[in-house]
Amino acid sequence: MTVHEGKTSAASPNRVPALWVALGAASLSVSAVLITLADVSAPTAAFYRCALALIPLAPFVLRDVLRHGFPELPVVGMALLGGSFLGIDYLMWNVSIADVGAGIATVLVNMQVVLFPLVMWAVAGVRPARRFVAAIPILLVGVALAGGVVGPGPAGGNAVRGTLLSLAAALAYSGYLYFGQRCGVRAPRHFATPVFLATAAAAVMSGVVGTATSGIAFDLGPESWLCLALVALFGQAIGWLLVGYGLPRLAPALSSTLLLLQPIGAALLGAVVLDEVPTATQLAGCAAVLVTVWVTALGGSRAAARRRARKPEAAREEAVQESSCG
């Protein structure tokens with residue numbers, strides 16, 4: 001859909017981009033369940049999720065290059081470095097899925113919304129707002145409850161390890177978002193190329209770590225191959241393309257709200273498909289995490305809107321950063 005200048009701003013709510021982001025979040029929500037059903041090692045799942053996703057991403061990269069040429073070398077480097085963090089994210093998150101369940105692991109990894117500003121502070125010197133600091137104690141309690149560290153935990157799992165790995169995965173994901181945000185600022189016209197490069201780097205990272213540890217399995221059964229192909233298609237290629245294309249066209253507050261469909265959808269699918277029924281304590285922790293993340297992101301969006309009103313020249317870069325945080 002074309003955005004007409006003077007009628008619809010790039011950050012104003014729009015039904016079609018909102019639908020894209022909602023569909024993208026729903027597509028991403030199937031990842032944890034499909035990885036569980038694939039029943040392979042964490043490095044194997046991470047490697048094939050990224051390697052197989054390069055196939056459907058390739059035509060979009062060709063379109064990018066034909067229209068806008070190759071991105072600059074610094075953009076390529078940032079995309080590859082960000083993809084390395086993404087590979088680390090997947091490796092740790094895949095282990096946490098087995099420890100705390102598909103739904104809970106997806107809720108916990110969404111802590112990146114709060115961790116990303118802390119990464120920006122450490123790397124770029126951008127001091128986080130007070131609301132992020134105030135949210136940390138609430139989130140820590142919510143995470144402990146959701147992961148089963150406090151109260152009843154997942155049967156047969158490792159609540160402490162799964163919770164810590166989910167949080168570490170969220171931190172690695174924040175690293176990916178940082179470099180992805182820089183790519184968006186330096187090369188805003190290249191839509192799919194940074195995603196392709198980051199996915200390729202994540203595949204290499206997963207393959208190297210997997211080869212050095214448990215190994216990458218090749219003799220998989222038909223069901224495992226099907227599940228991995230589906231997570232590569234929906235949980236990597238389609239999901240990120242839809243989200244990446246729709247976010248810059250939406251108000252950040254709406255983006256943050258729509259992206260919460262991912263952990264909610266994952267929790268519902270985990271209950272229906274995998275019979276993972278969280279305890280009342282875990283549900284309370286999930287609610288605390290999701291509500292705090294949403295309120296924090298909403299407050300960030302409003303504060304950024306006020307800053308842009310005072311400094312219009314900063315609007316473009318802040319909009320890209322907010323979309324990454326969403």
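User: Does L164 count as buried or exposed?

Analyst: This is a predicted model, in which local features need pLDDT of at least 70 and side-chain atom pairs count only at pLDDT 80 or more, while totals for chains, interfaces and linings use all residues. Residues are numbered from 1 along each chain as its sequence is written, and side-chain values use heavy atoms, with hydrogens and water left out. Buried means under 20% relative accessible area, exposed over 50%, and partly exposed in between, with a 1.4 Å probe and protein chains only. L164 has 54% relative accessibility, so the residue counts as exposed.

User: Is T199 buried or exposed, and which helix holds T199?

Analyst: The relative accessibility of T199 is 1%, and T199 therefore counts as buried. Helices are DSSP runs (H or I, at least four residues), numbered from the N terminus. The helix that holds T199 spans residues 193-212 and is α9.

User: How many salt bridges does a search of the whole structure find, and which side chains meet in a salt bridge?

Analyst: A salt bridge is a side-chain nitrogen of Lys or Arg within 4 Å of a carboxyl oxygen of Asp or Glu. The search of the whole structure finds one. At 2.7 Å, N to O, the side chains that meet are those of D99 and R161.

User: How many residues apart in sequence are the parts that D99 and R161 tie together?

Analyst: D99 is buried, with a relative accessible area of 5%, whereas R161 is partly exposed, at 42%. The side chains of D99 and R161 form the salt bridge. Because D99 lies in helix α4 (residues 73-100) and R161 in helix α8, the pair ties together parts whose separation in sequence is 62 residues.

User: Where is D39 found, and what is its phi?

Analyst: D39 is found in the loop between α2 (31-38) and α3 (42-68). D39 is exposed, with a relative accessible area of 66%. Although D39 is not a glycine, its phi is positive, at about 55°.

How values were computed
Helix = DSSP H or I, 4+ residues; strand = E, 2+ residues; numbered from the N terminus.
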